[in-house]
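Please view the model first.

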Amino acid sequence: MKYISKNTAETNQFAKDFLDTIEPADKAVVVALHGDLGAGKTAFAQAVGEILGVKENMHSPTFVIMKIYSPVDTECLRGFRNLIHIDAYRLEKDADLLHLGWEEMTKEPENLIFIEWPENVSGTIPADAKKIFFQFIDENTREINYES
């Protein structure tokens with residue numbers, strides 16, 4: 001699915017439409033967010049968090065690597081208990097992600113995991129991960145391509 005977003009409201013709509021396509025399974029749902037700096041990966045993750053009822057300000061976890069959100073309103077979570085946002089930009093190898101408890105996280109069906117820069121830890125990304133590609137077009141426009 002190809003989508004053009006020209007503003008935050010359109011990105012938020014794409015996030016809602018995307019969430020309507022997923023549901024908990026027998027393990028975590030992993031979503032790999034691909035794209036250059038400024039392409040919209042974090043903005044998309046923030047939109048998902050807002051829809052799911054996250055009350056905290058969601059910032060890019062570039063320096064802390066991982067942030068786990070457990071929304072106050074569990075009904076918003078659509079069957080997920082945790083929204084996990086990982087930024088692998090500073091990771092150099094798969095083992096770096098494994099040290100964060102990646103294997104345990106991905107086994108838990110109540111986890112919805114968004115990982116930015118998945119290419120930095122490509123050997124750990126499940127084959128069935130959802131893939132979303134963000135491309136910067138201009139200051140306001142992003143092209144978003146989704147592969148399930």
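## A buried aromatic pair

Phe14 and Phe44 are both buried (under 20% relative accessible area with a 1.4 Å probe, protein chains only; over 50% is exposed, in between partly exposed). This is a predicted model: local features need pLDDT of at least 70, side-chain atom pairs count only at pLDDT 80 or more, and totals for chains, interfaces and linings use all residues. Residues are numbered from 1 along each chain as its sequence is written, and side-chain values use heavy atoms, without hydrogens and water.

Rings of Phe, Tyr and Trp (its six-membered ring) pair if their centres lie within 6.5 Å; planes under 30 degrees apart are stacked, over 60 edge-to-face, the rest tilted. The rule gives eight aromatic pairs. Phe14 and Phe44 form a tilted one, at 5.5 Å centre to centre and 45 degrees between the planes. Phe14 sits in helix α1 (residues 8-19) and Phe44 in helix α2 (residues 41-51), so the pair ties together parts 30 residues apart in sequence. Helices (H or I, at least four residues) and strands (E, at least two) are DSSP runs, numbered from the N terminus. One aromatic cluster contains Tyr3, Phe14, Phe18, Phe44, Phe114, Phe134 and Tyr146.

## The helix crossing

The axes of α1 and α2 come within 9 Å and cross at roughly 65 degrees. Axes are lines fitted to C-alpha atoms, for helices over the stretch in contact, with angles from 0 to 180 degrees between N-to-C directions. Residues of α1, including Phe14, Ala15 and Phe18, meet Phe44, Ala47, Val48 and Ile51 of α2 (contact: heavy atoms within 4.5 Å).

## Two nonpolar cores

A nonpolar core joins buried Ala, Val, Leu, Ile, Met, Phe, Trp, Tyr and Cys residues through side-chain atoms within 4.5 Å. The largest has 26 residues; Phe18, Phe44, Leu83, Leu112, Phe114 and Ile132 have the most contacts inside it. At least two core residues come from each of α1, β2 (29-34), α2, β5 (111-116), β6 (130-136) and β7 (142-147). A second, separate core has 17 residues, among them Ala28, Ile86, Met105 and Trp117. In soluble globular proteins, nonpolar side chains tend to be buried together.

## A buried histidine

His85 belongs to strand β4 (residues 82-87). Its relative accessible area is 1%, so His85 is buried. Its side chain makes a polar contact with the Glu116 side chain at 2.7 Å. A polar contact is a pair of N or O atoms within 3.5 Å; within protein, one must be able to donate a hydrogen and the other to accept it, and residues adjacent in sequence count only if both atoms are side-chain atoms.
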